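Dear colleague,

Please read the notes with the coordinates open beside them.

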Amino acid sequence: MSDEMMDEGGVVKKFMYVNRKAPHGTIYALESLEVVLIAAAFDQDVSLVFVDDGVYQLMKEQKTDGIEVKNFSPTYRALEMYDIEKLYVEKESLDARGLTTDDLLVPVEVMSAAEMADLMAQQDVVLSF
Amino acid sequence: MKFAILVNEGPYQHQAADTAYLFTRSALEKGHSIDRIFFYHDGVNNSSSLTEPPQDDRNIVERWTKLADEHGVDLVVCVAAALRRGIKDDNLAKGFRISGLGQLIEAGIQADRLMVFGD
């Protein structure tokens, strides 16, 4: 990555990536993760949110052999190495799907839809996938 | 206000490409600036020069080209998403350029508002 791309005059904005879709079936989750990994190089304040079917992206023990697509879920465990540590999961979305944090492959902060709305309101840039 | 736009859906299949265009045109008419439009996911298909819609329909690709031509809007297509879907410099419509995801993040940093148009 060139210096020019990295130099944004020291501006640090709050970037939130909102993941709403199941990990497979469409490419949204995979390509969203690609954006997040690139974004990590820009030294911005990054947080990831998982709502609706997006919570399935963090499910443990995903097996994709049967549908012949790449299982990219281990990448979520690598986010920590990119200094991306703010992962938020909506409680209502977990409850509606009978899931708990025990089902997820990374540590997350669970918050209500109302708390999530407050957090979103504090962001500078919200990218929804 | 300085806007940046993200288009995440392909032309004709989904209204997002139309809405993004109409928003952009209206914002420019009202005196706002739009420095960059970034095309991601199936949105990269908005840049295919091979697109040939029926005569009585809008030409979405040409519309973007005209926007770039008349207003100097930077139309950037994500390279990884483009290669996956068969978009290359060979079939890239006029006014578009292929570049990396860093251009999207940069647009988010520089703009006052980043508008996302998708499903």
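Over the ring of which residue does the charged end of K21(A) sit? That ring belongs to Y28(A), and the charged end is placed 4.7 Å from its centre, where a charge counts as sitting over a ring if NZ of Lys or CZ of Arg is within 6 Å of the ring centre and within 35 degrees of the ring normal.

This is a predicted model, in which local features need pLDDT of at least 70 and side-chain atom pairs count only at pLDDT 80 or more, while totals for chains, interfaces and linings use all residues. Residues are numbered from 1 along each chain as its sequence is written, chains are lettered from A and ligands numbered from 1 in the order in which they are written, and side-chain values use heavy atoms, with hydrogens and water left out.

Taking a salt bridge as a side-chain nitrogen of Lys or Arg within 4 Å of a carboxyl oxygen of Asp or Glu, the count over all chains is 16. One of them pairs R85(B) with E31(A), with 3.0 Å between the closest N and O atoms; because R85(B) lies in the loop between α3 (79–84) and β4 (96–99) of chain B and E31(A) in helix α2 (residues 28–39) of chain A, this pair joins two chains. Helices (H or I, at least four residues) and strands (E, at least two) are DSSP runs, numbered from the N terminus. E31(A) has a relative accessible area of 0% and is buried, a term that means under 20%, with exposed over 50% and partly exposed in between (1.4 Å probe, protein chains only). A network of salt bridges links E31(A), E34(A), D42(B), R84(B) and R85(B).

Within chain B, R97(B) forms a salt bridge with D74(B) at 2.8 Å between the closest N and O atoms. R97(B) lies in strand β4 and D74(B) in strand β3 (residues 74–78), so the pair ties together parts that are 23 residues apart in sequence.

Y21(B), F39(B), W64(B) and F96(B) form one aromatic cluster.

With kind regards

Methods. Phe/Tyr/Trp six-rings, centres within 6.5 Å; stacked < 30°, edge-to-face > 60°.
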